[in-house]
Amino acid sequence: MKAVFDEFDAYLQAFGYTLALFLVSGVLSLLLGTVLVAMRVGPVAVLRSAAGVYVTVVRNTPLVIVFAFFSFAGPTLSIQFNWFKVSIGDYDFTSLFCYAVLSLTLYTSTFVCEALRAGINAVPLGQAEAARAIGLPFGGVMRQVVLPLAFRAALPPLASVQIALIKNTSVAAVFGIAEATANMRSLLNDFGATQRFGIFACFALGYIVIVEVFSFLSYRLERRWRVAT
Amino acid sequence: MRHTRIKAAIAVLGLSLSLAACGDAGSDDDGGADVEVKENAADEFDDGTYMKELAEAGKITVGVKYDQPGLGFKGATDDIPSGFDVEIAKLLVADLGIDPADTDATTWEETISDNREPFLEQGKVDLVLASYSITDERRQVVGQTGPYFTTGQQVLVKSDSDVESIADLKGEEVCSVTGSTSIDRINEEGAKGVGFDSYSECVQKVLDGTVSAMSTDGSILAGFAAQNEGQLKVIGDEFSEENIGVGYSLEHPEMCEWINGVLEESFENGSWEKAFEDTLGPSGVETPDPPTLDECPAA
């Protein structure tokens with residue numbers, strides 16, 4: 001445990017990368033997931049089946065394989081981010097960060113899509129029919145009536161999906177991101193002989209804190225958004 | 001219908017078994033150099049020593065790496081791993097009168113960087129020869145003796161790169177294995193270490209241009225440069241020194257003198273040199289002089 005406190009800055013920076021991965025991929029996966037679910041329940045048959053196939057394929061592929069695909073096959077398929085280089089303070093975000101965000105976003109968005117679909121199924125059919133009856137087009141029905149209700153209904157499973165994402169960022173440790181798990185493995189290599197348990201405990205605690213803060217916020221939001229019934 | 005399915009399943013099973021057998025057949029002769037197994041080895045050790053126990057049982061478990069070409073590497077169809085670590089381990093095993101080529105007698109367990117100390121402490125392995133750097137921290141919990149090999153970190157870049165040493169890579173991303181000592185050294189030198197799961201993945205990243213360089217022990221890099229001749233080159237001086245030693249359990253401190261004895265003998269009779277030439281020689285590393293062994297701690 002001493003090893004962690006001796007280089008506490010490195011510990012914080014590592015969790016900083018974990019958080020950055022989570023925040024960027026979290027927002028992007030919510031956006032992409034919403035688009036996907038609109039395609040899945042929409043009136044255009046081609047889009048409906050395209051979204052269905054996408055969800056089936058990506059959701060059933062292990063995350064490590066998604067990562068490996070973009071990391072190793074990506075560059076040869078000219079999916080390249082070598083132009084990307086952003087530094088904010090001590091943090092450098094380069095092409096490796098892009099690959100990680102891309103993998104996490106594409107993977108998590110399928111789960112977001114399915115959680116939202118459950119939410120849409122929970123919206124009483126009369127709501128959508130009423131929206132249609134007042135002359136709203138599909139986009140308007142989704143944006144102004146169905147999705148706001150669906151998001152409220154789907155908040156608990158959406159929070160679970162995002163919590164899974166927080167922990168899934170650890171896969172990036174072996175794809176070039178110096179995030180928390182990578183830092184932990186570094187410390188284990190140097191000090192694992194004598195401080196193994198303490199190092200594990202410190203890093204588990206870091207993840208628990210992030211997840212707990214996030215859960216707390218989602219509970220608050222759930223209460224705020226609760227629909228009077 | 002049901003019967004056809006069962007038949008199909010049996011056919012598939014049979015096929016996969018025969019394929020596995022094919023794999024075995026190909027690897028009979030790539031077990032590395034033959035070592036002479038000592039006869040009646042058990043008589044040579046004092047009663048009560050762990051060496052005697054092992055020699056009498058005729059069984060030993062050695063922890064090695066499976067993923068470092070030239071040091072400890074096991075291909076999918078190999079029975080036993082190959083490499084310099086493994087050759088040195090064979091000398092030790094043979095000295096106990098155990099046949100290192102017989103997988104019933106000698107178990108080659110894969111040890112990764114994270115589990116070497118726990119495996120020794122729990123007795124899952126009797127010896128560790130897994131590019132195991134000697135450090136004071138590790139010596140608090142396990143026994144380490146040697147070194148039987150010293151190596152240093154260098155840099156591998158594309159052949160057309162104008163980078164000349166690690167100093168030219170300040171602030172740049174340099175690939176190595178997540179959690180390895182190499183990645184810490186890269187950071188200490190001012191470059192930014194990025195970690196992947198294995199060195200071969202780093203090679204891939206250097207080749208596709210995502211990172212401009214990778215860095216770890218020169219002996220490993222030389223192997224990859226030889227594999228990708230004309231595309232990759234090893235540059236710069238070694239900027240670290242690692243002493244690679246043999247790990248044993250502190251419960252059996254008497255093993256230290258024995259290990260040193262066998263190593264010393266191999267330095268003198270040329271078997272150390274031969275092991276080096278057979279494994280690391282082809283990648284263009286010149287055979288160095290054998291290192292000086294550390295003294296064993298007073299038991």
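How many residues does the contact take from chain A and from chain B? The contact takes 23 residues from chain A and 24 residues from chain B. The model is predicted. This briefing covers that interface, a helix pair in chain A and a strand pair in chain B.

**Chain A side of the interface**
- H5 and helix H8 (180-225) of chain A each supply at least two residues of the side that touches chain B.
- H8(A) gives the largest share of that side, with 10 residues.
- By class, the side of chain A that touches chain B has 11 nonpolar, nine polar and three charged residues.

**Helix pair H5 and H7 in chain A**
- The axes of H5(A) (residues 95-122) and H7(A) (residues 138-168) come within 7 Å. They cross at roughly 150 degrees.
- The crossing of H5(A) past H7(A) is right-handed.
- From H5(A), the contributors include Leu104(A), Thr108(A), Phe111(A), Val112(A) and Gly119(A).
- From H7(A), they include Val146(A), Phe151(A), Pro157(A), Leu165(A) and Asn168(A).
- This contact of H5(A) with H7(A) has 17 nonpolar residues, three polar residues and no charged residues.

**Strand pair E7 and E11 in chain B**
- Strand E7 (residues 153-158) of chain B pairs with E11(B) in the antiparallel sense, over four bridges.
- Leu156(B) has Val234(B) in E11(B) as its bridge partner.
- Side chains alternate along E11(B) (residues 232-235). Leu232(B) and Val234(B) point to one face and are buried.

Note on methods:
Residues numbered from 1 in each chain as written. Chains lettered and ligands numbered in written order. Predicted model: local features only at pLDDT ≥ 70, side-chain atom pairs only at ≥ 80, totals over all residues. Axes fitted to C-alpha atoms, helices over the stretch in contact; angles between N-to-C directions. Left-handed = near helix turned anticlockwise from the far one by under 90°. Contact = placed C-beta atoms within 7 Å. Nonpolar A, V, L, I, M, F, W, Y, C, P; charged D, E, K, R; others polar. Buried ≥ 20, exposed ≤ 12 C-beta atoms within 10 Å, placed from the backbone. Pairing = 2+ DSSP bridges.
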